Amino acid sequence: MWTRRGVKSRAKSSVKSNYLRMIAVCFVVAVLAGAYSSSTQILRTNTETPQDPGITKYVEETIQKKTGVGVKNVLVVSTAETLINRYLGSFSLLAISAEAVDDYMEHNFTLTFIVLLFGMVISVFYWLFVKNILLIGEKRFLMETRIYHESRINRIFYLYRSKVVKNPAWIMFCKAWFQFWWSLTIVGGIIKHYEYYMIPFIVAENPTVDRKTAFAMSKKMMRGNKWRMFVLQISFFWWHLLGLFTFGLLDIFFLNAYTSAAEVEVYMELRRKMLELRNTDNRVFVDKYLDRIPSEDEVLISILMRDDEKMPNMKPYIYEPDTYPAFLYGRKSRWHEVVAVVDGNRPYHITSYILLFFMVSVLGWVFEVLIELGREEKFQLIGLLHGPWLPLVGLGAVLAVVLFRRWMKNPWITFGLITLFYTVLEYLASLYFEVVEGTKLWDFSGYFLQINGRVCLGVSVASGLLGCAFLYYAAPKMDDFLGRFSLRKKRMLCMVLCAMIMVDVIVVIALELRGIV
């Protein structure tokens, strides 16, 4: 029988042994999957920005504006509103896009409805095949990192690599669907919430499990443990309260990993208990290497049995004890999951630097356009240039690779240096454009721990984390992609892109000299 003290002790030990990886995984899941809402509080703490009313606000306003009929108090609409705001509420940017199109096209209701419908479809798709899959991937990573302390962060994407996505997505959809209807009974919703609690963990271990088996096993595992799980979560109350006073910093750098590791420990304890019962239903627990490290003999036998298979990307690192042995996992066809390690500390060719600059500049421009759309509720071009790029963003990314690659073996130093570098760069850029050009590119005056509205703590921390993600993972991946093309083609592309941005700069300067801009 598991105890809170034992679970928390093992969870703390796990966090201590895998601190940086667990912090990074929880932050990625917080940003991409909307988990740990308190963690992103520091990124959006702005006293001057009103609370996002949710996607249904725009639906109601559009229907009332076009038909003159109010729908606020209709029971069916209220039920739909609950569903939409609960599962799609973070995608109100798509509804704002529809409203902007509506204004631009002179209140074309048909087009507005199509854009809004398309946005909701995209939102549902994202919730099913990105958010839920990443939440399962996080559980998988935390299971592996308990005893494999060199587990790689990209294990959160293992369902995509395994090409097993539909079944986990279906099971998570059913879980949310049943949970919603049970929630209408209030008490039943609370009970079912804990009854279904182990479903993501079960799917993380066995993605091919069928829905009925996953639900039934979760029910068995939580029988007699619902109240204990509730008490375990309540016991973190003081930690969460302290996290509020730190504006989410404690959550980012400790609490998210700690609470998630504790839940994984509960799952492993309940899993061990179920295996001791030796029931036929226990076949759902297919991965015996989650709880023990394979011996050298097991590794050698597995290699000899499968030495006739073609494994061009097989690398010796997968046999290391501190890395999860994906090639030994009992499920069929796992060899394609074994890939080469992403080596970020590599020499980059000058063409790679140039193309990385343009790729990040374009991605930064797209991101800023979306941010501005959500803020101003209208489409608006971003930047001083006319082209779809933000050179400052691309330059910052390339400089991070050039300047800080030598410290990659020490992630803490790398993170601190990149955060400081981006903070100084952002402050100087803001100061230059405000004093010399008379333009205020951004204003963080209402944000937590800001300096003259030019920089703030939340953006600096996020920039540091994104810079580390780019340095350790994105840049090497982009370089691998560029490696598919010949040097001649890359040089030609570099010349074309450089010519385009030079023409853009010349046009902007010429317009300024004529007083047009």
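The contact of helix 18 with helix 19

A: Helix 18 (residues 391-404) packs against helix 19 (residues 411-435) at an angle of about 145°, and their axes are 11 Å apart. Axes are lines fitted to C-alpha atoms over the stretch in contact, and angles run from 0 to 180 degrees between N-to-C directions. Helices are DSSP runs (H or I) of at least four residues, strands are E runs of at least two, and both are numbered from the N terminus.

This is a predicted model: local features need pLDDT of at least 70, side-chain atom pairs count only at pLDDT 80 or more, and totals for chains, interfaces and linings use all residues. Residues are numbered from 1 along each chain as its sequence is written, and side-chain values use heavy atoms, with hydrogens and water left out.

The crossing of helix 18 and helix 19 is right-handed: the near helix is turned clockwise from the far one by less than a right angle. Helix 18 brings L392, G396, A397, L399, A400, L403 and F404 to the contact; helix 19 brings T414, L417, I418, F421, Y422, L425 and A429. Contact means heavy atoms within 4.5 Å. These residues split into 12 nonpolar, 2 polar and no charged. Here Ala, Val, Leu, Ile, Met, Phe, Trp, Tyr, Cys and Pro count as nonpolar, Asp, Glu, Lys and Arg as charged, and the others, Gly among them, as polar.

UniProt, in an unreviewed entry, places the feature "transmembrane region" at several spans, including 383-404 and 411-431. Such annotations may be inferred rather than shown by experiment. Two further spans from that entry are 451-473 and 493-511. Residues 451-473 are 74% helix and 13% strand, with end C-alpha atoms 31 Å apart. Residues 493-511 are 100% helix and 0% strand, and their end C-alpha atoms lie 27 Å apart.

Now the wider chain. The protein chain has 21 helices and 2 strands. Of its 517 residues, 45% are buried. Buried means under 20% relative accessible area, exposed over 50%, and partly exposed in between (1.4 Å probe, protein chains only). Among contacts with a separation of 6 or more, 74% join residues 24 or more positions apart.

The largest nonpolar core has 66 residues; M198, I202, M221, M229, V266 and Y267 have the most contacts inside it. Helix 15 (residues 249-277) gives this core the most, 13 residues. A nonpolar core is a set of buried Ala, Val, Leu, Ile, Met, Phe, Trp, Tyr and Cys residues joined through side-chain atoms within 4.5 Å. Not counting residues up to four places away in sequence, V266 touches W2, V7, M198, M229 and L232. A second, separate core of 33 residues includes Y353, L385, W389 and C468.

W127 sits in helix 7 (residues 109-145). W127 counts as buried because its relative accessibility is 9%. W127 and A33 are 94 residues apart in sequence and 8.0 Å apart in space, C-alpha to C-alpha. R292 lies in the loop between helix 15 and helix 16 (296-305). At 35% relative accessible area, R292 is partly exposed. Leaving aside neighbours within four places in sequence, R292 contacts I147, Y148 and E298. I186, in the loop between helix 9 and helix 10, has a positive phi of about 65° although it is not a glycine. N452, another residue other than glycine, has a positive phi near 55°. N452 lies in the loop between strand 1 (450-451) and strand 2 (455-456).
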